[in-house]
Amino acid sequence: MESWQFPQGVHPNTSKPAIEPMASEASVPKREDFANLALEGPEPPSLSYELIGMLRKAVRYRSADKHFTLSVCAMSILHSLFPILEWSKSYSLKSFRSDIMAGLTLASLSIPQSIGYANLAKLDPQYGLYTSVVPPLVYTVMGTSREIAIGPVAVVSLLLSSMVQKIADPTLDLASYRKLIFTVTFLTGVFQFAFGLFRLGFLVDFLSHAAITGFMGGAAIVIGLQQLKGLLGLSHFTSNTDVVSVTRAVWVSVHEPWHPENLFIGCSFFLFILGMRFIGRKNKKLFWVSAIAPVLSVALSTLMVYVTRADNRGVKIIQKVDAGINSSSVKQINLNGPYVTECAKIALICAVIALTEAIAVGRSFSVINGYKLDGNKEMIAMGFMNVAGSLSSCYVATGSFSRTAVNFTAGCKTAVSNVVMAATVMVALELLTKLLFYTPVSILASIILSALPGLINVQEVCILWKVDKMDFFTCMGSFLGVLFGSVEIGLSVAIGVSFAKVIIHSIRPQVQILGRLQGTNIFCNIKQYPMVCQTPAVLTTRIDTSFLCFINAKFIRERVTGWVTEKLDEIRSVVLDMSNVANIDTAGLAALEELREELLSHGIQMAIASPGWQVIHKMKLARLIDGTGEAWIFLTVGEAVEACLASKKVKGGDLEC
């Protein structure tokens with residue numbers, strides 16, 4: 001009996017050795033033997049096996065030591081949860097000096113921004129500073145990014161204030177509002193931790209890059225409009241975030257008595273910050289000028305107000321900022337109250353948005369420095385830091401692009417720069433809060449406004465229009481939804497358009513007619529490659545969908561039968577290239593059977609080439625192969641076409657295509 005092994009170097013399309021094997025001619029299998037490989041493979045893993053495997057990966061921590069012991073398992077878990085145990089071994093004094101300088105520079109930007117973002121979240125100023133203390137410390141020991149700067153960000157602050165205030169109005173009951181914020185922060189951390197633990201990072205991908213681009217742009221404009229309250233020194237302002245409500249509120253307010261000093265201070269220092277940023281970009285050695293501009297603006301404007309006592313002439317100041325580091329907020333988290341469901345919904349949105357921003361920022365800088373960011377570990381770290389933050393008077397923290405850029409430019413080497421920044425903020429909380437009493441509110445508005453241009457990416461929108469119109473409409477739907485509706489409407493529109501795009505592509509997948517590239521056994525799309533030639537008697541088609549299912553089965557069957565009907569007198573065989581079909585459901589199997597019977601009624605033979613692992617397995621279980629015939633299942637398109645031509649005794653000239 002002849003025995004053979006599958007030779008190395010076989011070309012997947014031609015079934016011929018790409019490199020001549022060092023073996024006798026008898027060891028090379030015949031074409032029919034290759035065709036049988038499509039039917040003789042083992043059964044694919046079951047759904048239960050894949051689910052169990054996914055859970056095993058979620059809880060398994062690998063070690064180089066094959067001998068399993070309790071100590072090895074414990075160390076493996078510790079190194080996985082706390083990456084600092086790995087990189088701290090090679091940490092040097094030189095790196096520490098760089099991290100100190102980067103951390104101090106980062107703190108000079110974080111302190112004024114944190115106060116401004118707390119104001120955006122409708123919280124007292126100290127809560128923004130608290131959020132720049134505990135979360136960065138937790139992230140340092142658990143995160144995998146070296147450059148990312150942790151703290152409050154504008155978009156998440158807007159999300160919290162716009163959604164939580166619908167449950168509790170901060171102007172009427174600030175204590176209840178604050179409790180809800182801490183509860184949402186706790187649940188946000190739980191969701192993020194669960195995403196990382198069970199490797200559910202794909203949930204973050206439900207918001208596409210186009211959707212995030214539009215959402216960030218719309219949120220930036222909404223945030224900017226919200227700052228008109230502080231910039232103009234208005235006492236009464238709308239709580240809505242849409243552009244129509246804000247414009248109406250500004251129009252009503254300017255007809256009432258207002259103090260132009262607020263606008264003068266805000267605009268003057270806004271231009272000052274932009275000027276310092278321009279200098280920093282022109283000369284990379286002066287990057288620190290841009291970084292210290294916000295804190296310098298706070299110091300100068302506070303001194304001006306104190307010396308001139310402008311607060312007596314209508315300039316609004318932030319007044320009291322509570323001194324001392326973070327106090328416990330454990331008792332303020334309420335998981336049994338009547339609004340837990342609403343808090344969970346808000347937390348899920350915040351978790352996804354915060355993770356999307358943080359991972360995007362982290363990956364951008366990890367690529368520059370040539371190392372890999374572990375997305376699942378990042379989610380676990382973000383989850384832990386927000387849970388810890390919720391217990392210590394912090395609200396949702398994530399990675400900030402603007403502060404991360406400053407951290408990177410300042411020369412940070414590791415996440416220790418976050419520790420230095422947190423320590424500096426703690427010193428400010430203990431010693432400097434009394435000095436912030438006369439800080440004008442308009443300066444906080446100008447600091448937030450100066451950070452917004454980075455969220456609006458007009459160039460990316462233009463690229464979306466040129467490359468993919470559906471992505472452009474997704475982006476604009478998200479942008480307009482945030483701008484003229486609300487944050488929730490913008491997110492809903494973005495997710496809705498994204499899902500609609502996926503559904504449209506799923507319902508109407510591409511079904512291509514293939515032709516042979518002359519002198520080869522390669523089959524290509526005749527529209528993409530007009531030089532290929534078709535065999536008149538054989539209709540060769542490729543189904544370009546990974547899942548042949550109830551959504552698209554009817555469309556695919558009708559598309560193939562339509563082509564057959566157009567050339568009914570010429571076609572004698574139909575070859576279905578299913579190399580791209582990874583899976584199939586019962587509706588897809590039924591469509592294949594209906595197609596086979598319809599073709600058979602016209603005297604046309606159907607052949608299937610290169611079916612996927614799950615596809616061939618389900619065809620066996622459904623006994624579809626019995627009807628089609630094992631002889632008409634092929635490993636490659638070339639084999640299928642040649643078999644069809646041979647069975648119909650087509651002239652040899654048609655083979656030389």
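**View 1. The stretch 651-656 in this predicted model has pLDDT under 50.** Here pLDDT is the predictor's confidence in each residue, from 0 to 100. For residues 651-656 the model has four contacts (heavy atoms within 4.5 Å) beyond four places in sequence. Across the chain, pLDDT averages 84, and 88% of the residues score at least 70. Over residues 1-31, though, pLDDT is below 50, and this stretch has 28 contacts beyond near neighbours in sequence.

**View 2. Strand β9, residues 605-609, is mostly covered.** Strands are DSSP runs of E with at least two residues, and helices are runs of H or I with at least four, numbered from the N terminus. Five of the five residues in β9 are buried, where buried means under 20% relative accessible area, exposed over 50% and partly exposed in between (1.4 Å probe, protein chains only). One side holds Gln-605, Ala-607 and Ala-609, and the other holds Met-606 and Ile-608.

**View 3. Meet the partners of β9: β7 and β10.** Two strands pair if DSSP finds at least two bridges between them. β7 (residues 573-577) runs parallel to β9 over five bridges, with Val-574 opposite Met-606. β10 (residues 633-634) is also parallel to β9, over two bridges, and Ala-609 stands opposite Phe-634.

**View 4. Look at Phe-550, in the loop between β6 (547-548) and α23 (553-566).** Phe-550 counts as exposed because its relative accessibility is 61%.

**Notes.** Residues are numbered from 1 along each chain as its sequence is written. In this predicted model, local features need pLDDT of at least 70, side-chain atom pairs count only at pLDDT 80 or more, and totals for chains, interfaces and linings use all residues, while side-chain values use heavy atoms, leaving out hydrogens and water.
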